Amino acid sequence: MQTTQAGDFRRVARPDAGLFTHRVNYPIAAHLGALAHRLGLRPIVLTLINLVLGLAGSALLVAAAPAPAAAAGAWLLWQAAYLADCADGQLARVTGTASAAGGRLDVLVDVAVQTGIVIAVVMSAGDLPAWLVALFAAGWMISMVTSVLARDGANVSLLPSRSLPVQAVKMVRDHGFKVTVIAVAAASGPGPTIWLIAGYTVLNCGFLLASIARSAAPA
């Protein structure tokens, strides 16, 4: 088996990820990918680890919120899941095993994990109006869809600049950063979580409308 180093995995990481992912998740995921390669693991193993740990984090928050320890545990599990999510694609590209089927599985697992996060956030907030829950869930999932479209080249970023200020602004849609904010809000109680839900609902719905306008312009 060819010897690979973490640097080999870091070089094949997607360049369009958010600032938090680039600075925090990708470097750690590169070491995870290198370890998986040395152990002879296939990318699908990391994909399934993402699924198990991501859902476990959401289940923990639902079961024990608003205990700060539960929020901290959920954050650790979500971050570990995201590291596996970052590493599976790196491993597939380094080993030349990337495939359409693997890409579909990765997206489906992401949908499952994101759905679990939405459920956990809503349930930890207590009683909410049905319309707010619906808008939050729809906006959150649409945000994920537009991210996948942008990754596959089917959607143009509204802020294509790679400057540090622009990347800092876009960090609000970076998964590694989002689960950190969620964990902090959940540890602080239902009040901050409700504000987080309202804020992300406005942000994601606004982004959707802006994306529609941007995509319709050339059409």
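Good morning, everyone. In this protein, 77% of the contacts with a separation of 6 or more are between residues 24 or more positions apart, where contact means heavy atoms within 4.5 Å. Please keep in mind that this is a predicted model, in which local features need pLDDT of at least 70 and side-chain atom pairs count only at pLDDT 80 or more, while totals for chains, interfaces and linings use all residues. Residues are numbered from 1 along each chain as its sequence is written, and side-chain values use heavy atoms, with hydrogens and water left out.

Let's start with the overall picture. The protein has 9 helices and 0 strands, and along the sequence the pattern reads α-α-α-α-α-α-α-α-α. Helices here are DSSP runs of H or I with at least four residues, strands are runs of E with at least two, and both are numbered from the N terminus. Of the 219 residues, 41% are buried; buried means under 20% relative accessible area, exposed over 50%, and partly exposed in between, using a 1.4 Å probe and protein chains only.

Now to helix α4, which covers residues 68-95. Let's look at two of its residues. Leucine 83 lies in this helix and counts as buried because its relative accessibility is 16%. What does leucine 83 touch, leaving aside residues up to four places away in sequence? The answer is Asn25, Ile28, Ala29 and Leu32. Leucine 83 and tyrosine 26 are 57 residues apart in sequence, yet their C-alpha atoms are 7.4 Å apart in space.

Aspartate 85 is also found in α4. Is aspartate 85 buried or exposed? At 15% relative accessibility, aspartate 85 counts as buried. Its contacts, again not counting residues up to four places away, are Asn50, Asp106 and Asp110. Asp106 and Asp110 are themselves among the buried residues of α5.

Next, how helices pack. Two packed helices are described by the angle between their axes and the distance between the axes. The axes are lines fitted to C-alpha atoms, for helices over the stretch in contact, and the angles run from 0 to 180 degrees between N-to-C directions.

α4 and α8 pack at about 170 degrees, with axes 8 Å apart. That angle makes α4 roughly antiparallel to α8; angles under 35 degrees count as roughly parallel, over 145 as roughly antiparallel, 65 to 115 as roughly perpendicular, and the rest as oblique. Residues making this contact include Trp75, Trp78 and Tyr82 of α4 and His175, Val179 and Ile182 of α8. The contact residues divide into 10 nonpolar, 4 polar and no charged. Here Ala, Val, Leu, Ile, Met, Phe, Trp, Tyr, Cys and Pro count as nonpolar, Asp, Glu, Lys and Arg as charged, and the others, Gly among them, as polar.

Helix α8 (residues 175-188) also packs with helix α5 (residues 100-124), at about 20 degrees with axes 12 Å apart. That makes α5 roughly parallel to α8. The contact is made by Gln114, Ile117 and Val121 of α5, together with His175, Val179 and Ile182 of α8. These residues divide into 4 nonpolar, 2 polar and no charged.

To finish, two helix lengths. The end C-alpha atoms of α5 are 36 Å apart, which agrees with the 36 Å its 25 residues should span; the expected span is 1.5 Å times one less than the number of residues. After α5 comes glycine 126, with a positive phi near 85 degrees. Helix α9 has 27 residues and reaches 39 Å, close to the 39 Å expected. Its buried residues include Leu196, Tyr200 and Phe207.
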